[in-house]
Each structure stands twice: as structure tokens, then as C-alpha cells.
Amino acid sequence: MKKLCIIFRQAPHGTAHGREGLDLSLLSASFEQEVSLIFTDEGLLTLLKNQDPESIGCKDYIATLGALSLYDIDTVLVCQESMQELGLLEANFRIAVSMATATEISTHLASVDEVIVF
């Protein structure tokens, strides 16, 4: 089984990157790849509760985050430094995540076969 890590670095609604990353995550997991996700920089904004993307004319793909466990995507890491920079708390997120330091993220990246950044 191939290990794939997808990193979300961009804000969720300015581009299609977030939606494409999430689609790739679910598709890869459905083909029995071991998928993990890392949210860092503005990519953390993807995880926020109470978003209304339809009010700015965007598709609400973020609701799909709730399906991660159905696809056995259990490893969702959030960069602690990015959280501090953005002033976010774990309670702000719509799904359960694991906080990770830069060192822990580097260790995780060394353990996977492929890394894709969105």
C-alpha cells in the first residue's frame, strides 16, 4: 500500500486548490492508498466551522471533510506554528485534528512515499 500525504497550504475559496486536494484525498483513499493530510499556513482556514462559501458564489466542498473517516483517512495534522500565527484554536475546527510541530511534520513526511502540495 502506497502512503500519500496531501498538504493544504492555501486558503479554501480563492482558488480550486483546496477542493482539488480534498477530491484527490478521497479518490486515493478509495483506491486503498494510505492517505494523510497536513494543514498549514492559510490552508488551516479550510478547517474552520461555520463557513458559508455559497454566499460568495463558491461550492461548499468543505462539508466533505466530515467524510474523511469513512475513507479511513485518520491522520490529519495541523501545524502548531500556523495556528499561532493565525490566532486559531482547536475548538475552531470542524473535524478532529492532531497538532504537530515542524519537527513532527518533517518526521511524518519522511515516512510517506509521495507528498502533494495544494
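1. Glu32 is exposed, at 61% relative accessible area. Here exposed means over 50%, buried under 20%, and partly exposed in between (1.4 Å probe, protein chains only). The model is predicted: local features need pLDDT of at least 70, side-chain atom pairs count only at pLDDT 80 or more, and totals for chains, interfaces and linings use all residues. Residues are numbered from 1 along each chain as its sequence is written, and side-chain values use heavy atoms, without hydrogens or water.

2. Glu32 sits in the loop between α1 and β2. Helices (H or I, at least four residues) and strands (E, at least two) are DSSP runs, numbered from the N terminus. The phi of Glu32 is positive, near 60 degrees, and Glu32 is not a glycine. Most residues other than glycine have a negative phi.

3. Asp41 lies in the loop between β2 and β3. Asp41 is partly exposed, with a relative accessible area of 26%.

4. The largest nonpolar core holds 25 residues. Such a core is a set of buried Ala, Val, Leu, Ile, Met, Phe, Trp, Tyr and Cys residues joined through side-chain atoms within 4.5 Å. Leu37, Phe39, Leu47, Leu68 and Phe93 have the most contacts inside this core. At least two of its residues come from each of β1 (3-8), α1 (17-30), β2 (34-39) and β3 (75-79).

5. Which residues does Leu68 contact, leaving aside neighbours within four places in sequence? They are Leu22, Leu26, Leu37, Ile73, Val76 and Ile95. Contact means heavy atoms within 4.5 Å.

6. A second, separate core has eight residues, including Cys5, Ile38, Cys79 and Ile105.
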